[in-house]
Amino acid sequence: MTVEGGTNIMKPSKRSQIIASLIVNLPLLSCGLSFSWITVSNLDLNTDKGSWIVTALSIGACLGPILSALLLDRIGRKWFLYATTFPFIASWILIYIGKKWVEFFVARFIAGISIGAIYTMVPVYLGELTEPRIRGAAGTLMALFLNIGYILMFGLGTRLNEKMMALISLAPCVAFLLMAPWVPESPYYYLKKKKEKFAILALVWLRRKKDNEDEIKEMNEFIKAEEQGSIKELYTVPTHRKALLLVLLLLAGQQLSGYIAIQAYAITLLQDMHVNISTNLVLLIMGGIALVMSLVPALIVDRIGRKPLFLMSSYSTTLCLLTIGVYFLMIKIGMKIQSYSIIPLVAVLAYLVCASIGLTVIPAVIISEIFPIGLKSWATMFANVYGSLLGLIVAQVYHLISQAWGNHVLFLLFAIIELVISILATIFMPETARKSFMDIQKILGKDNNVAQKADAEKCDK
């Protein structure tokens, strides 16, 4: 900061937005630890009780988005995110003292509530804190932090006992509780609450410049145009309905690829493949691949766009699932190909690479930017309940189909579904990279009230 003629001049910078994005994404560490704990636990997952412990996270995640929609505009993005830390703390304490399967089910259920809430509101919060030029990269940090949680659990959880790992898993919770108070509230939230001075101060901190009048003006116009938003508009207004259907399609591509179930049942899957490699080593490799590849979208998502990344990810994931399915089909019909188990193993690892560059990150980015401010909380609630229900179904179906008909049916089914979703995304998915919220609404169609009101105001001027 320098002084010229008595006026403070701040050089514009992305630094504060990057710091804020890193802190806001920190709860995803706890999500990754919670997701991956089941993989390294000593529980028997091939029983009915075991499958319910696996799905407990998804059941709880169905409730989190509802809480988010009810509270996000009442207590604010910042403090609602802060509150999601406490169910994680309760979950790890319960895992530490737990002995019966019901206790583990409850522990994962309450962690799932926080996960559902986090996946609903973090994209909203990030989208409102960051500029369009870095909004995509900030959104992809969700996958990065999630995968850091995975690799920490795969690396430490296979070497430490469950009680010690539960205590270590409290560390990200404590770190977030200490750092979160320093992050500003969303300027959009402040403007919705008629606190313009606070919004201006928040933008000064985030943008590292004092003159943000144009951005404040655009935010106010956007909020004013959508101040009467309701959940009904998601399906009555054609443009909003189009946006919602797109998000549901992308989430279906994410969940119906079997990503969560494959991670949860990774050890059982490796055993079925007859892989002659240490499962602990394979888990570490899987976590490392997911971690490294989650960096790639952060670097390129704002350059090459959301749509190319998603399509590359979905089509290549389809090929990987097909390879795994064909391998199990050959075993089913009696072919002695167990000595070629390296092929499905490579396919699983390639699957993680492909999923990490698009399927796991792009839906969250799109959710953060495709809905107008007045509908965002309702839309993210609906989308994430839907995503959690799909995750719940996939986790249960994985166990049931694998036991009843075999892995070949399961993976070939995943491949067919993913191929259909890829084709639909090719036809209907628009590109939203490096565009403002207003521009995105115009891309979706001139029949929405945001675009109409904004254009009318410009004509009047």
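S68 touches F80, A117, T120 and M121, leaving out residues up to four places away in sequence; contact here means heavy atoms within 4.5 Å. S68 sits in helix α3, residues 48-75. Helices are DSSP runs of H or I of at least four residues, numbered from the N terminus. S68 is buried, with a relative accessible area of 0%. Buried means under 20% relative accessible area, exposed means over 50%, and partly exposed is in between, with a 1.4 Å probe and protein chains only.

Before I go on, a word on the source. This is a predicted model, in which local features need pLDDT of at least 70 and side-chain atom pairs count only at pLDDT 80 or more, while totals for chains, interfaces and linings use all residues. Residues are numbered from 1 along each chain as its sequence is written, and side-chain values use heavy atoms, with hydrogens and water left out.

S377 is in helix α22 and is buried, at a relative accessible area of 7%. Which residues is S377 in contact with, leaving aside its neighbours within four places in sequence? They are A69, L72 and D73. S377 and I66 are 311 residues apart in sequence, yet 9.4 Å apart in space, C-alpha to C-alpha.

A salt bridge is a side-chain nitrogen of Lys or Arg within 4 Å of a carboxyl oxygen of Asp or Glu. Side chains of opposite charge can pair when their charged atoms come close. The whole structure has 5 salt bridges. In one of them R77 pairs with E128, with 2.9 Å between the closest N and O atoms. R77 belongs to helix α4, residues 77-83, and E128 to helix α6, so the pair ties together parts that are 51 residues apart in sequence. R77 and E128 are both buried. The pair is also part of a network of salt bridges that links D73, R77, E128 and K192.

Another pair is R306 and E369, where the closest N and O atoms are also 2.9 Å apart. R306 is in helix α19, residues 306-332, and E369 is in helix α21, so this bridge ties together parts 63 residues apart in sequence. Both of these residues are buried.

R207 and E215 meet in a salt bridge at 2.6 Å, N to O. Here R207 is buried, at 2% relative accessibility, whereas E215 is partly exposed, at 22%.

Next, the cavities. A cavity is a set of points, on a 1 Å grid over the protein atoms alone, where a 1.4 Å probe fits but cannot get out; lining residues have an atom within 4 Å of a point. Grid points are joined across faces, edges and corners, and a volume is the space filled by probe spheres set on the points. How many cavities of 30 Å³ or more are there? The search finds 6.

Ala, Val, Leu, Ile, Met, Phe, Trp, Tyr, Cys and Pro count as nonpolar, Asp, Glu, Lys and Arg as charged, and the others, Gly among them, as polar.

The second largest cavity holds about 70 Å³ of space. Its lining includes F35, I260 and R108, and α2 (27-40), α3 and α15 each supply at least two residues. The classes there are 7 nonpolar, 2 polar and 1 charged.

Last, two backbone points. Most residues other than glycine have a negative phi. K194 is not a glycine but has a positive phi of about 60°. K194 lies in the loop between α10 and α11 and is exposed, at 71% relative accessibility. H274, also not a glycine, has a positive phi of about 65°. H274 is in the loop between α16 and α17 and is partly exposed, at 38%.

Conventions:
1 Å grid on protein atoms, 1.4 Å probe; cavity = no way out; pocket = protein on both sides within 12 Å on 5 of 7 lines; lining within 4 Å.
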